[in-house]
Amino acid sequence: MTEEINFYLSEAEESMQKALQHTNVELTKIRAGRASASMVEDLKVDYYGTPTAFSQVANISAPDSRTLLIRPWEKNMIGEISKAIKASDLGLNPLTEADAVRLNIPALTEERRRELVKQAKNETESGKIRVRNIRKDVNDSLKKLQKEGTAEDAVKDAEGKVQKLTDSYIVKMDELLSKKEAEIMTI
């Protein structure tokens, strides 16, 4: 096999791995009834005119499974943090204290659990689409190599490897989804 084909195969694997990691990160943001800093750390707050992530202006902790505590490093940020939480799609009501914002995470209803599973499925499907798009791009590049004179057998072999790689990452995405689905439905 040519050096270019090996390059495309390694690029494909690297890109698919990144797509898997991205999907995993997005799934961790879906709350499963348990308090997690990842639920709010990427929310943006106005910090002296600049939209800044919570994780860069405050310490976020989960003292128990139903509570998140956000302690800004500057007390004047409490109001801004509270405003940002209310404006987000989390559906949580912040309680402001002297030096922190407290979020009580309500228990999930059966209907809300189903919505979260649907959201997790949509996120996983987006990840699968990214993986399939990577496969398409690599296969297009391989076809260009074939037109430039690379042996047809080598290109067909590489396309088979790309398909196996794609299949393995689709299976990994499904495994992520089934774990998240179990987490959402059992808590």
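**Strands, helices and cores**

Biologist: Which residue stands opposite Thr-67 in strand 4?

Modeller: The model is a predicted one, and in it Asp-64 stands opposite Thr-67 of strand 4.

Biologist: What makes strand 3 and strand 4 a pair?

Modeller: Pairing requires at least two bridges between two strands. Strand 3 (residues 58-64) and strand 4 (residues 67-72) are joined by five bridges, so they pair, and they run antiparallel. Two residues lie between them in the hairpin that they form.

Biologist: Why is helix 1 called roughly antiparallel to helix 3?

Modeller: Helix 1 (residues 3-29) packs against helix 3 (residues 110-147) at an angle of about 170°, and their axes are 9 Å apart. Angles over 145 degrees count as roughly antiparallel; therefore helix 1 is roughly antiparallel to helix 3. Among the residues making the contact are Ile-5, Tyr-8 and Ala-12 of helix 1, and Val-131, Ile-134 and Leu-142 of helix 3. By class, the contact residues comprise 12 nonpolar, six polar and five charged.

Biologist: Which residues touch the most other members of the largest nonpolar core?

Modeller: They are Ile-5, Val-131 and Leu-142, in a core of 28 residues. Helix 1, helix 3 and helix 4 (152-186) each supply at least two residues of this core, and helix 4 gives the largest share, 11 residues.

Biologist: What does Ile-5 touch, not counting residues up to four places away in sequence?

Modeller: Ile-5 touches Leu-142, Leu-145, Thr-150, Ala-154, Val-155 and Ala-158 on that count. A second, separate core has 21 residues, including Met-77, Ile-85, Leu-90 and Leu-103.

Conventions
Residues numbered from 1 in each chain as written. Predicted model: local features only at pLDDT ≥ 70, side-chain atom pairs only at ≥ 80, totals over all residues. Heavy atoms only, no water. Axes fitted to C-alpha atoms, helices over the stretch in contact; angles between N-to-C directions. Helix = DSSP H or I, 4+ residues; strand = E, 2+ residues; numbered from the N terminus. Parallel < 35°, antiparallel > 145°, perpendicular 65-115°, else oblique. Contact = heavy atoms within 4.5 Å. Nonpolar A, V, L, I, M, F, W, Y, C, P; charged D, E, K, R; others polar. Core = buried A, V, L, I, M, F, W, Y, C linked by side-chain atoms within 4.5 Å. Buried < 20%, exposed > 50% of the residue type's maximum accessible area, 1.4 Å probe, protein only.
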